[in-house]
Amino acid sequence: MQSNTSASFGNMFFTAPGATSAGLSTQSARPVLRGLSDAKVRIQENGIGSVDVSDIAQDHGVPIDPLALQKTEVFRGPGALRFGSQAVGGIVDVTNNRIPTAAPIGGVAAELRSAVTSVDRGWESGLLLDAGSGNAAVHADVYGRGAQDYRIPSYPYLVPPTPAPAFNGRQPNSATQSAGASIGGSYLFDGGYAGLSISRFTSDYHVPGIASSESQQHNQLEQTKIASKGEYRPDAAAIAAVRYWLGYSDYRHDEVDVNSTNLGDFQTIGATFKNRQTEGKLELETVPVSTPLGMLRSIVGTQGAYQQLDTLGQAILLPAQTTTAAAYFFEELRHTDTLRTQLAGRIESVNVSGTSFDFPSTYLPPDAPSSSPSKSSFQPTSVSFGVIKDLPANLEASLTLQRVQRAPRALELFASGPDDSEKTFKIGSPDLTLETANTAETGLKRARGDFRFNANVYYTFYDKFIYGRATGNFCGATFATCVAGGNGDYIQVAYSQRDAIFRGGELSWQWDVLPLSDGIFGVEGQFDTVRATFADGTNVPRIPPMRAGGGVYWRNDNWYTRLNYLHAFTQNDFAEFDTPTNGYDLLKLQIEHRQRWQTSPWGPVEVATGLIGDNLLNADIRNSVQFHKDEILLPGRTFKLFLNVKYGAETPANAPIGAVRTQQADPIYRKATTAPASDWSGFYAGGNLGYVWGTATTYAGFIDNASQTPLFGSTPTARLDNAGIGLQAGYDWTAGPVIAGIEGDFTYANQHGRSASNCPGAVCNAALLPFNAPMSADLGYRLDWLASIRGRIGIAVTPNVVAYVTAGVPFGLVTASGSVAGFTAAGAPVTTPYNVDTFRFGWAAGAGIETLLAGNWSGRIEYLHANLGSFRATPNLPAGMATSFDSDVRVRTDTLRVGVNYRFGAADRAAVAN
């Protein structure tokens with residue numbers, strides 16, 4: 001992860017054998033596995049789906065940041081059917097410690113991740129904290145990143161408009177920024193755990209492309225996710241483990257345009273996507289039992305999900321709902337110590353409801369499409385069989401045969417319009433049926449020894465492959481503007497089904513050639529290819545090119561250096577209405593140094609520093625799997641300088657879950673430390689007083705109802721300042737001079753403020769001139785209370801004083817109220833009041849100093865910044881209004897407070913000193 005120079009999760013896969021990524025923005029990249037993407041690849045975090053709309057369009061981001069990850073894997077074959085029916089493309093599984101499975105060794109562990117990049121003047125930083133002992137463990141993380149438009153080697157547009165846009169050496173409209181935080185905890189018990197986490201992700205990223213750059217289009221994304229999972233491994237004769245996963249996610253992103261008028265520039269929202277989803281899974285694993293064929297291990301489970309997809313504006317499709325219920329099994333039979341077989345099956349019931357459209361067969365006007373409510377039901381069934389054989393010389397051979405079915409998604413069935421940011425006009429087909437993939441795959445790998453490799457070849461025949469194809473038509477924002485071979489900004493894409501064949505393979509290898517100096521010198525290589533055609537021999541759209549490469553490396557206990565070259569061949573196997581994609585040469589350099597002090601004065605510490613050079617040849621790179629590739633170049637030559645600092649003992653790879661008392665030993669220190677004279681461990685509670693200042697910034701827009709043309713806008717700010725009083729409670733763990741813990745707080749401040757936006761009558765109601773008919777919006781906001789759950793970590797700077805940083809997830813109820821005054825098209829005055837209550841989550845970060853007072857009392861001073869994201873507060877104006885009003889509100893608060901805590905059960909300081 002650290003060697004990846006991109007700012008997004010999806011681009012981590014860009015050069016991986018058998019994988020790549022697709023996305024118009026560096027922040028919206030999504031994994032592409034073996035030429036398959038979107039609904040054919042499931043992305044999940046800690047077993048729960050990522051819950052976004054990245055499978056709908058290539059401008060939609062995945063709300064997962066590499067700064068918060070610990071490991072990423074791709075599952076295929078029988079094991080993948082435990083998670084979903086996207087087993088053909090693969091299951092991209094992301095894991096982190098947001099729901100701890102055990103307490104860290106020594107009680108406290110922390111990691112700082114930070115880096116800067118040259119190509120986009122970018123920065124990134126993240127802090128991860130784990131603490132716990134006995135029956136409790138907690139986790140907290142906070143992160144952020146930002147980047148300007150990235151540098152590119154040459155002019156980005158292969159077919160520029162007239163006049164051609166100016167070029168300043170950077171990809172226009174490619175800047176990004178994102179931030180997030182999470183807090184979680186688990187109850188640990190003998191043989192298991194049960195935990196809960198809440199996480200918040202926000203991002204504001206610009207979308208490159210000719211039309212998108214002209215309007216400075218950017219997407220504002222935010223997600224709040226609540227997840228729970230647990231596992232129990234009883235000491236029983238029949239049951240090995242019981243596991244559950246449960247999650248709820250509230251996702252939204254706005255596609256924002258910057259409008260330029262004689263009265264100034266202002267923002268309006270072109271489209272909004274909302275995805276609310278609940279998902280749960282329960283499974284039971286049996287203890288291996290002896291059979292005449294060998295030891296049999298079984299897993300059975302059930303899974304369910306409900307998705308509510310809501311859209312506004314130019315958002316491809318109307319609201320839709322999807323309900324999924326599934327049952328599955330996984331069997332592994334170990335015939336001998338070197339031979340095992342696996343068998344998995346899955347059956348689902350999928351119901352998709354929404355609004356379907358009946359478009360003309362030519363996908364062209366003048367006939368307008370008719371619409372009607374629609375509901376489709378599917379019952380996909382899947383089965384997968386695998387054989388795994390251990391061979392001499394540490395070799396492992398595998399064979400997989402599977403038949404996997406997938407139900408069409410709401411987008412594929414009901415798409416009916418433009419995506420304002422992706423600049424596509426998508427058309428679904430309500431007649432789509434199940435997609436069936438029949439796959440044979442064989443593999444050979446060697447994971448140990450001086451020569452290591454992994455090779456796979458596969459062949460998949462698709463019965464009724466679902467895909468989006470460019471029709472050759474181009475559109476504006478409405479179907480009436482679509483023309484054949486026109487010059488509209490929107491590529492028309494229609495969803496269809498055809499039989500298709502995918503075949504290909506991937507190979508990666510490393511060879512430790514010889515000892516050199518005090519390390520190992522080696523060589524490596526990789527190759528991958530996928531060929532995808534329909535039954536008539538024509539090409540499947542947007543398939544990655546064949547790639548081959550290799551490199552050299554040298555490593556020892558502290559250093560790792562690597563020089564790698566990858567050549568992508570020209571992609572001439574393109575579909576109708578597409579264009580070829582030139583090949584490129586990618587050269588990458590990695591220099592990394594790691595130093596670990598197992599018994600330092602501070603305890604176990606590891607510091608990693610490194611320099612990554614990517615695209616050192618400054619090659620022009622276009623991505624054959626994405627739309628508008630003739631308008632977007634990937635970043636040019638870049639250097640990344642990174643620093644990672646880890647604190648805490650290393651956890652063994654096979655560490656048991658649950659409450660394991662042997663893991664609670666204190667770290668070993670080289671010499672006596674400056675440990676605090678008092679033990680800060682334990683529960684505490686107290687109160688605080690302070691001052692809270694904040695803002696509610698409104699992006700207000702007045703829009704013509706007939707043409708949906710933005711007429712006027714402004715950005716007024718309401719001040720939310722007031723004194724506050726609150727309570728806090730938490731629990732701390734102490735490890736030498738390091739103190740870490742979890743805290744919850746509640747503050748009542750009665751914050752409220754007002755602002756206004758006014759549109760001149762000559763702009764908003766020009767048809768009524770010479771009668772002056774202005775419009776105005778009175779905007780009021782109230783935040784009565786704010787609470788948060790945060791982690792904190794600090795250092796004892798003196799025996800009785802701790803300096804700490806804190807981060808987590810705040811939440812509160814924001815009320816937007818006011819009125820919009822205007823005129824009907826006939827000149828009658830109208831005033832419309834509105835009141836919107838919205839429960840907001842966000843991310844928070846701060847710092848403070850706490851000192852011990854008399855007895856069990858302590859005092860503190862603390863600063864805390866909270867970002868509650870943005871929300872739309874748009875009143876429904878009465879019929880007859882020529883102009884409508886829209887607003888997007890961003891709420892931020894800052895708090896400076898003093899407080900006292902009573903530390904229950906803390907030993908007297910003098911006694912501890914003695």
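How far apart are the mean positions of the positive and negative charges of the protein chain? They are 4 Å apart, taken over 70 positive and 82 negative charges. Lys and Arg count as positive and Asp and Glu as negative, while His and the chain ends are not counted. Each charge is placed at NZ of Lys, CZ of Arg, CG of Asp or CD of Glu.

A word on the model before the views. This is a predicted model, in which local features need pLDDT of at least 70, side-chain atom pairs count only at pLDDT 80 or more, and totals for chains, interfaces and linings use all residues. Residues are numbered from 1 along each chain as its sequence is written, and side-chain values use heavy atoms, with hydrogens and water left out.

Figure 1. Helices (H or I, at least four residues) and strands (E, at least two) are DSSP runs, numbered from the N terminus. The C-alpha trace spans about 90 × 70 × 55 Å along its principal axes. A compact globule of 914 residues would have a radius of gyration near 29 Å, and the 29 Å of the protein chain agrees with that; the radius is taken over C-alpha atoms, and the globule rule is 2.2 Å times the number of residues to the power 0.38. Of the 914 residues, 56% count as buried, where buried means under 20% relative accessible area, exposed over 50%, and partly exposed in between (1.4 Å probe, protein chains only). Among contacts (heavy atoms within 4.5 Å) with a separation of 6 or more, 70% come from residues 24 or more positions apart.

Figure 2. Strand β30 covers residues 559-568 and includes His567. Because its relative accessibility is 22%, His567 counts as partly exposed. Its side chain makes a polar contact of 2.7 Å with the side chain of Asp585, and also reaches the backbone oxygen of Tyr584 at 3.3 Å. A polar contact is a pair of N or O atoms within 3.5 Å; within protein, one must be able to donate a hydrogen and the other to accept it, and residues adjacent in sequence count only if both atoms are side-chain atoms. Leaving aside neighbours within four places in sequence, the contacts of His567 also include Met546, Arg547 and Ala548.

**Figure 3. Thr439 and Thr460, joined through their side chains.** The polar contact between these two side chains is 2.9 Å. Thr439 belongs to strand β24, residues 435-446. Thr439 counts as buried because its relative accessibility is 9%. Beyond its neighbours within four places in sequence, Thr439 touches Val88, Thr400, Leu401, Gln402, Tyr459 and Thr460.

**Figure 4. Thr272 and its side-chain link to Arg872.** The polar contact between the two side chains is 2.6 Å. Thr272 sits in strand β14, which runs over residues 264-286. With 1% relative accessibility, Thr272 counts as buried. Apart from neighbours within four places in sequence, the residues in contact with Thr272 include Arg252, His253, Asp254, Asp310 and Arg872.

**Figure 5. Ala19 in strand β1.** This strand covers residues 19-22. At 9% relative accessibility, Ala19 counts as buried. Once neighbours within four places in sequence are set aside, Ala19 is in contact with Phe13, Phe14, Val32, Leu33, Asp528 and Arg547.

Figure 6. Most residues other than glycine have a negative phi, and most peptide bonds are trans. The bond from Thr162 to Pro163 is cis, with omega near -5°, and Pro163 lies in the loop between β9 (136-147) and β10 (176-189). The loop between β9 and β10 also holds Asn173, a residue with a positive phi of about 60° although it is not a glycine. Asn173 counts as buried, at 8% relative accessibility. A cis peptide bond joins Leu769 and Pro770, with omega about 10°; Pro770 is in the loop between α3 (761-764) and β39 (775-798). Ala393 has a positive phi of about 65° although it is not a glycine, and its place is the loop between β20 (381-391) and β21 (395-406).
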